[in-house]
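Visitor: I'm new to this one. Could you show me how to read it, a feature at a time?

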Amino acid sequence: MEEITINEVYKAAEVLKDVARHPKLIGPTNLNKNAEIYLKPENLQRTGSFKLRGAYYKISQLNEEERSRGVIACSAGNHAQGVALGAAHAGIKATICLPAGAPLSKIQATKDLGAEVVMVPGVYDDAYAKALELQKEHGYTLVHPFDDIKVIAGQGTIGLEILDEMPDVDAVIVPIGGGGLIAGVAFAIKSVNPNIKVYGVQAEGAPSMFESVNQGKRVCLKSVSTIADGIAVKEPGTNTFNLVNKYVDEVVTVSDDEVAAAILALIEKQKLVSEGAGAVSVAAAMFNKVPIEGKKVVCLVSGGNIDVTSLNRVITRGLVKSGRDCEITVLLSDKPGQLSKVCNVIGELGANILSVEHKRNSKNTAINGCKLHIEMETRNHEHIKIICDGLKNAGFEVE
């Protein structure tokens, strides 16, 4: 493991002083009624993600020989933009390997910053393998997205900013992909105040650091699948794994539905747009995945580069998870007036019907019965239960 020092983090902060934005904490919010939740909105960072910090600092520390060879990087999209910007400022060539599933917005933004983009079939780890191949072939200087001490130090500047603004914070919740962000933030925070808790969050569909910490060794997953594409990493880094083991109090996971609900809550309640990877910290706070009751907590919203074409689907999932969109099936007798009675019950109980599908002759219904499939807007899960109970009390069978 390479060594990192707190002086390196302070040095990175000085380099980034006039380059990176330093978004102030937002809050307290009402994202969890049992805790005092604040947000560190790195989704408002230049390039839309914290990744600018580590990439820019790493490139700024390259020697002339390393610069002359040009840089290469692999990325799910956010690191790509940070490397592209850093390379442009340094006046050197940048080649970026992106997985084929990267959002179009991230691909185009990387190109717009002047980098050469190589699309690679598969996920982040496949892009990494291609980057190593091209590095060997052309002699490029590799700017690793997370497993590099200078990149980690750059990300750690976020921890210094949180402490500077809120020295009495009890806990900080941080997203984890390969681990560069949490390694830097946790190191910086624990170096200044070891009593502050640092929690890491991964997507259930990409729990490489979670499994690695639990098994006591780095684990390489066979596959990853999550709406949080920015943290869909099969294997954590050597440096990041060791730093997480040393400085992070706990690593937890959240489901895609919980992430979608967090994205929706950030949009509605805080007027912030977050990508899936950026919202996992908020999801952990909202759904009580870590012990924060009665605590002053900062959730790091790490990025906002969500593809607008997928945002509608994510919002719909968030509505379902939070009980705002509900589908039920009602079994009833196929005779006049039944549909009207069902609609009256739902309307009187305050729900808004979005669609109705009336099915006869289903093999699972009685000869003289039918199924009514209804989608409706509701307030929350308690409201859904009230409606279902109301329909049952009116004599209808609800599936």
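Guide: Let's start with L391, which lies in helix α15; helices (H or I, at least four residues) and strands (E, at least two) are DSSP runs, numbered from the N terminus. This is a predicted model, where local features need pLDDT of at least 70 and side-chain atom pairs count only at pLDDT 80 or more, while totals for chains, interfaces and linings use all residues. Residues are numbered from 1 along each chain as its sequence is written, and side-chain values use heavy atoms, with hydrogens and water left out.

Visitor: Is L391 buried or exposed?

Guide: Buried means under 20% relative accessible area, exposed over 50%, and partly exposed in between (1.4 Å probe, protein chains only). L391 counts as buried because its relative accessibility is 0%. Across the protein's 399 residues, 57% count as buried.

Visitor: Which residues does L391 touch, leaving out those up to four places away in sequence?

Guide: A contact means heavy atoms within 4.5 Å. By that rule L391 touches I328, V330, V342, V345, I346, F396 and V398.

Visitor: How do I describe two packed helices?

Guide: You use the angle between their axes and the distance between the axes. Here the axes are lines fitted to C-alpha atoms, for helices over the stretch in contact, and angles run from 0 to 180 degrees between N-to-C directions. Helix α14 (residues 338–348) and helix α15 (residues 381–393) have axes that come within 9 Å and cross at roughly 140°. That makes α14 oblique to α15: under 35 degrees is roughly parallel, over 145 roughly antiparallel, 65 to 115 roughly perpendicular, and the rest oblique.

Visitor: Which residues meet there, in α14 and α15?

Guide: From α14 come V342, V345 and I346, and they meet I387, G390 and L391 in α15. The residues of this contact divide into five nonpolar, one polar and no charged. Ala, Val, Leu, Ile, Met, Phe, Trp, Tyr, Cys and Pro count as nonpolar, Asp, Glu, Lys and Arg as charged, and the others, Gly among them, as polar.

Visitor: Which residues of α6 are buried, and what covers them?

Guide: Y124, D125, A127, A131 and L134 are buried. Their cover includes β3 (71–74), β4 (94–99) and β5 (116–120). Just after α6, G139 takes a positive phi of about 80°.
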